[in-house]
Amino acid sequence: MPKYMISFNDGDMTFPEEDFPAVGAAAHAVMREAFEKGHWMFGGGFMGFDARVVDANGVVTPGPIAHSDVHIGGFCVLDVTNDEEANKWAQKFAVACRCSQEVRLIMEDKLQDEMRKEFK
């Protein structure tokens, strides 16, 4: 099945700090539903903007690769049937997280799928 990344930008979640536990509980409820239905692959939120860049020679420099005022605040990767289903999950996360979600189709990689089976 196709895989989709659903994400939101840091700063998009605007609600009073005291609502954070309720937002977290709502997001975890959607996550649990995705697990139960076999769609959840991986996801999480990011703490801060301390990215680093590692080049082909192993040299590490402060990141990000390209400067941007936009930073991903959190994301998940779901394995679902099609765009419509991915959009429905994004809507559930938009409600839970109180902000719009971006949906991106992840390029299919059959060799990766074969390796996943081989090393499981």
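1. Arg 98 is located in the loop between α2 and β6; helices (H or I, at least four residues) and strands (E, at least two) are DSSP runs, numbered from the N terminus. The phi of Arg 98 is near 60°, a positive value in a residue other than glycine. With a relative accessible area of 38%, Arg 98 is partly exposed; the classes are buried for under 20% relative accessible area, exposed for over 50% and partly exposed in between, with a 1.4 Å probe and protein chains only.

2. The model is predicted, and local features need pLDDT of at least 70, side-chain atom pairs count only at pLDDT 80 or more, and totals for chains, interfaces and linings use all residues. Residues are numbered from 1 along each chain as its sequence is written, and side-chain values use heavy atoms, with hydrogens and water left out.

3. The peptide bond from Gly 63 to Pro 64 is cis, with omega near 10°. As background to both backbone points, most residues other than glycine have a negative phi, and most peptide bonds are trans.

4. The loop between α2 and β6 (102-106) also holds Cys 99. At 9% relative accessibility, Cys 99 counts as buried. Apart from neighbours within four places in sequence, Cys 99 is in contact (heavy atoms within 4.5 Å) with Phe 8, Asp 12, Met 13 and Ala 94. Between Cys 99 and Met 47 there are 18 Å in space, C-alpha to C-alpha, and the two are 52 residues apart in sequence.

5. How many disulfides does the count come to? The count is zero, where a disulfide is a pair of cysteine sulfur atoms within 2.5 Å. Cys 76 is in no disulfide, and the nearest cysteine sulfur, that of Cys 97, is 8.8 Å away. Cys 76 counts as buried because its relative accessibility is 3%. Cys 97 is likewise in no disulfide; the nearest cysteine sulfur belongs to Cys 99 and is 5.4 Å away. Cys 97 has 6% relative accessibility and therefore counts as buried.

6. Helix α1 (residues 20-36) packs with helix α2 (residues 83-97) at an angle of about 160°, their axes being 8 Å apart. Axes here are lines fitted to C-alpha atoms, for helices over the stretch in contact, and angles run from 0 to 180 degrees between N-to-C directions. That makes α1 roughly antiparallel to α2, the term for angles over 145 degrees. The crossing of α1 and α2 is right-handed, meaning that the near helix is turned clockwise from the far one by less than a right angle.

7. At this contact, α1 contributes Val 23, Ala 26, Ala 27, Val 30, Met 31, Glu 33 and Ala 34, which meet Trp 89, Lys 92, Phe 93, Ala 96 and Cys 97 in α2. By class, the contact of α1 with α2 has ten nonpolar, no polar and two charged residues. Ala, Val, Leu, Ile, Met, Phe, Trp, Tyr, Cys and Pro count as nonpolar, Asp, Glu, Lys and Arg as charged, and the others, Gly among them, as polar.

8. As to the chain overall, the protein chain has three helices and six strands, in the order β-α-β-β-β-β-α-β-α from the N terminus on. The C-alpha atoms fill a box of roughly 45 × 35 × 25 Å, taken along the principal axes. Of the 120 residues in the protein chain, 26% are buried. Among contacts with a separation of 6 or more, 80% are accounted for by residues 24 or more positions apart.

Conventions
Parallel < 35°, antiparallel > 145°, perpendicular 65-115°, else oblique.
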